[in-house]
Amino acid sequence: MNKLLEYIENSCKNLADNQSSYRYKKMILDKMTERADEISRAGLRDEKVLTELIADEFCDLEAGYAEHEKKKRRKKLLKIGLPVGSLVFLTLILISFFVVSSTTGAWNKTWLVIVGGVFALVIFWFSLAIAKLCTMRRVFHPIARVLIAGCALLFAVFMFLFFLMMMPELLVWPILPAGVIIALLADLIFAFATKQKLRTISLFVYMPTISTMLYIILSAYKIVTWTAGWPIILLGLVADVAYIIYIIISNMKYFTYKQEVEE
Amino acid sequence: MKRRLEAELWDKMHYLFRDFNDRMVHVELNYDFVPDIEALKTVIICAFEKVPVLHSKFVDNKLWTHWEVMPYNIDDVFTVSYPDDVEKAVDEFLTQYIAPTEAIQMKVALFIKDNKSTLCMVENHMCMDGGDLKYFLQEFCENYSRYVTEGISPVNFRTGSRAYDDVYSGFSKTEAGVARRLFKNINARDDHKFPLTSDNIRDKSFIARKQFSEETLEKLKSKGKELGATINELLLASYFYSVYELAGYPESDTVMISNAIDLRRHMESVDNKGFTNHTSWMQCAIPERGKDIFETVKYVIASSNKFKKDKFMGLYGLPLLNFGYNFLPHGVSEEIIKIGYSNPLMAMSNIGILNGQHFALCGKEPTDAFMSGAVKYKPFVLLTATTYKKVITLSMCVRGNEEDKHIVNKFFDLMEKNIDTIIA
């Protein structure tokens, strides 16, 4: 125990002597003591070896302190800032709703302020969750992908409701398939950026889906006719084939590689 | 909180081998003195703490297989005894089985008699192969020596990645790209079996050994130079010829023996890498027995030359295994891999030279050293070769009966006869 204390004190001698560094040192001491108990229970009797073995696991304590403080500040911010900030934000949204509604008298439209505010808040929470999930094991990444798609769809729904206030229904509904396109593209970007498993399969499935949505949108806005525009759907398949050709070409050098044979 | 370690590709592959062998790797080091028992305990604990997979249980939940680090006590790992019959005690210790679900994956024993000692180790092949076990033993002995003589804490054990794809680290970017696309499954099936008896519930594991003198090794070396063959190729040729004689295969039959290859040859360096498996098979086939052993040698040289010229020797099929294990839940991928995988019926593993200095405790080298691979389940066999102080030891670990023991010993006699013919 004394040797562990000595190690911590020597390793943290450049740290300011304050409550925060004390708590950090105490936390490290607790962790080291726990490990020391574990290893002692395994049967290690030599205290010097025990200390060095544990010190090896807890190296560079000063750098660890900086990281710990950063994490602590973030955690504190999230713990207090998130609920308080969310509450303040919702209150502001509610005030804005009443101010805008009472000044314009358009009570049948201003409810969108509340919907927009709530959606924005949910998207913000989802973003925090996505950032956290990205730091976790890959098994949790599919949840992040679902949340990303959720953010895109919430955004699309809000845009749909917003334009619905100003335009006829027939012109607005294609925003929803556009939302699906945004969700799929966002998921693809995430999958390729984080090198997710089966990302190529996702791409092959998404391309025809995206082209189908594009066909629906363009036809809805009469840019192409419903009867003549269907080849747009094939564009997705063409994109798939083009991607396969790209994969083959970019991998060709590996398959045609000739070994230099040393006799 | 539970501490978990990723189950790497080779961990899963060796787990799959549970149908073919007991996955234990064996070490025996004989010293003409008794080491400091307390110091040994200290070094073992440090080794276990630095290599946590050694005190972890393998969790196969069919979905995400992993290692779970477990508490342990040195008394469960290390035993010291003073038997009257050391040979029997060593044999009993070495033929034990450690289940992957146990909390510890390595056991160590020290047998003491007449001021001499035998240090034995048994470890799960899923944790590391013979190649890394040699490195581990070297670090173990170095740590022990420094601790006892200089009081330096025995904490210098290699740690780091255990990933299978470290084997590509020595390649250029293009070469690594090629190697990562070697999806071809080169598992060739051969139905020729080593002539052991049928399985029986009363079968017990045994390790049969045969030693060849320094003089034999020297003669093999010079004969190898003359024939353009390595010692390994001469041993393999002798293995082929002996098994033809023992099993009575028709002389015109094509027979295949798989040869273990250490994939570390492809790596830039093993420093900063964790202890793991990096071993693959090279299938050595001969078209017929040959009219004499020298013709067999020629066939073996021709077969192994084909592999030696290949820059990617041993790396075929690894990307396919990785693909299988990576994209499907473990329970499913294992079943699929089982369909495509054919375990060699006859194999050979040349662990190579055991350097006495590497296993010296406080400067005192072992008088004898021996390592061997897993105990194979019939009809599979593995011939292991190690060389210590210029003495070649051939061993075969089999789960069988007295008759099987007799067959294996007869095989060793045939090996001796054929080696004698080569060097005559």
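How many salt bridges does the rule find across the interface of chain B and chain A? In this predicted model, the count comes to 2. One of these pairs up B:Lys50 with A:Asp56, and their closest N and O atoms sit 2.3 Å apart. Polar contacts can be counted too: there are 9 residue pairs of this kind between chain B and chain A, with both partners at pLDDT 80 or more. On the side of chain B that touches chain A, the elements giving two or more residues are α2 (37–50), α6 (173–179) and α10 (318–327). Sorted by class, that side of chain B has 13 nonpolar, 7 polar and 8 charged residues.

As for the contact as a whole, chain B puts in 28 residues and chain A puts in 23. Together the two chains bury about 2,300 Å², with 57% of that on carbon and sulfur atoms. Three residues stand out here: B:Glu49, B:Arg181 and B:Lys309 supply 23% of the area that chain B buries against chain A, more than any other three residues.

In chain B, the peptide bond running from B:Lys378 to B:Pro379 is cis, with omega near 10°. B:Pro379 belongs to the loop between β13 (376–377) and β14 (381–388). A:Asp60 has phi near 50° and lies in the loop joining α3 (47–57) and α4 (61–104) of chain A. B:Asn115 has a phi of about 60°, and its place is the loop between β6 (106–113) and β7 (116–124) of chain B. A:Asp60 is exposed, at 53% relative accessible area; B:Asn115 is exposed too, at 58%.

Technical notes
Residues numbered from 1 in each chain as written. Chains lettered and ligands numbered in written order. Predicted model: local features only at pLDDT ≥ 70, side-chain atom pairs only at ≥ 80, totals over all residues. Heavy atoms only, no water. Helix = DSSP H or I, 4+ residues; strand = E, 2+ residues; numbered from the N terminus. Buried < 20%, exposed > 50% of the residue type's maximum accessible area, 1.4 Å probe, protein only. Contact = heavy atoms within 4.5 Å. Buried area = accessible area lost by both parts, 1.4 Å probe. Salt bridge = Lys/Arg side-chain N within 4 Å of Asp/Glu carboxyl O. Polar contact = N/O pair within 3.5 Å; in protein donor to acceptor, adjacent residues only side chain to side chain. Nonpolar A, V, L, I, M, F, W, Y, C, P; charged D, E, K, R; others polar.
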